[in-house]
Number of protein chains: 2
Amino acid sequence: MAGRTAVVLLSGGLDSAVVLGWMRREGFDCISLSVDYGQRHRIELQCAARVAAAAGVKEHLVQRIDLRAVGGSALTSDQPVPKGESSDGIPITYVPARNTLFLSLALGLAEARGARDIALGINAVDYSGYPDCRGEFLESFAATANLATREGVEAARRGDLGFRFHAPLLRLSKAQIIRLGNELDVDFGATSSCYDPAADATPCGACESCRLRAAGFADAGIADPRARG
Amino acid sequence: MAGRTAVVLLSGGLDSAVVLGWMRREGFDCISLSVDYGQRHRIELQCAARVAAAAGVKEHLVQRIDLRAVGGSALTSDQPVPKGESSDGIPITYVPARNTLFLSLALGLAEARGARDIALGINAVDYSGYPDCRGEFLESFAATANLATREGVEAARRGDLGFRFHAPLLRLSKAQIIRLGNELDVDFGATSSCYDPAADATPCGACESCRLRAAGFADAGIADPRARG
């Protein structure tokens, strides 16, 4: 398996850092891809670069797309990020078609670099409100990807699988993800989960993402190096 | 049907201008979306803005994504654009995952604006070498889109179709497309098809796209207002 290249979507958050560690352990040379889409939690882009460097990726690419011009989400507008308990249904932090867009960018990059494997940190347990974090979405995207691309079409002719998509965290709880990251020596201190951090990058501690992170570390019995004293 | 909004991918080329005219005739209020992806034929972005204004769209959005950092295509690199006869197979003007990416952008925009219809000018006759210009690709993308989005999930719960994708040129020849555009009063003089235009926007006359355009106008018996002397 040595020498196989994978593209890993890296947000700067905890989950995708664990995915990168997992793909490295699986023997992949990794290219990390982050997207600067005008998210209010831009500190995560600096975190992504630190995580990528620590993992020894062979390339770290940041693509810029301004989704503020599109809107439709609390993460790309001035709409307040909700604090406290989760509401039912799809949260207002949902960004229209975000994972479809990010996977499309990863697919083009993978094809251009001769990589066949693409990994991302979607999770259907804690974030079940997001439609594009479900396994059925990813399976459908994979089928589309193999119809959309030169490599997909040529692989089908050879009887090969074409592009393969890896979502190793899909069915893990936050605590399980954190334990896995711990085994993989992921530097949690380099990651940022908060949707609404202060200017100095201090997490708000109250948004859904902060609360899930805190509960996950507590359940895992591991200290979060980024937790506030 | 009055008042329904559609997002139309508008490249500045002839085909997507005809699609915009077609969607207007179908009764849609249209939002046009162009992508500045670092293509060497950037003149088409100016053409897109002219076509959009002439068609009276309610919004024209240009998204910027630098695909030169990705590469893998003659359209986003210094690789020469081939002149003369088409070669077999997928041309080197293929841009990895381009239509998947553009459709993802259109999907997010449609969802954010409350539009359910998305149209694009793919054609499986003249450009059969591009995997992402085939009907089976678009059908698969549509299924993915309806799994990926809030609107897709909610529509499925209501028993509705969710997002609908329109590719009215899919099975038309270039001459048929030009005749259709003529009926729809499309201003062909505002469109640019060349992959490798001169700095003053003069088409090269020799790339595959120029040759298909010239042959299409000849077959249709219509004069191309952009043809050279």
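Which residue of β2(B) does B:T5 stand opposite? Select B:T5 and look across to β2(B): the residue there is B:D29. Keep in mind as you explore that this is a predicted model.

**Stop 1: two strands side by side.** Now select residues 5-9 of chain B, which form strand β1, together with β2(B). The two pair in the parallel sense, and five bridges link them.

**Stop 2: on to the next strand.** Select β3, residues 59-64 of chain B: this strand runs parallel to β2(B), joined to it by six bridges. To find one pairing, click B:D36, whose bridge partner in β3(B) is B:R64. Then show helix α2, residues 43-55 of chain B; with β2(B) and β3(B) it makes a right-handed β-α-β unit.

**Stop 3: where the chains meet.** Finally, show both chains. Here 36 residues of chain A are in contact with 36 residues of chain B. On the chain A side, β3 (59-64), α3 (98-113), α4 (135-148) and α5 (150-158) each supply at least two residues. Select α3(A) next, as it gives the most, with 10 residues. Colour the chain A side by class and you will find 21 nonpolar, 11 polar and four charged residues.

Methods. Residues are numbered from 1 along each chain as its sequence is written. Chains are lettered from A and ligands numbered from 1 in the order in which they are written. This is a predicted model: local features need pLDDT of at least 70, side-chain atom pairs count only at pLDDT 80 or more; totals for chains, interfaces and linings use all residues. Two residues are in contact if their C-beta atoms, placed from the backbone, lie within 7 Å. Helices (H or I, at least four residues) and strands (E, at least two) are DSSP runs, numbered from the N terminus. Ala, Val, Leu, Ile, Met, Phe, Trp, Tyr, Cys and Pro count as nonpolar, Asp, Glu, Lys and Arg as charged, and the others, Gly among them, as polar. Two strands pair if DSSP finds at least two bridges between them. A crossover is right-handed if, with the strands pointing away from the viewer, the path from the first strand over the helix to the second runs clockwise.
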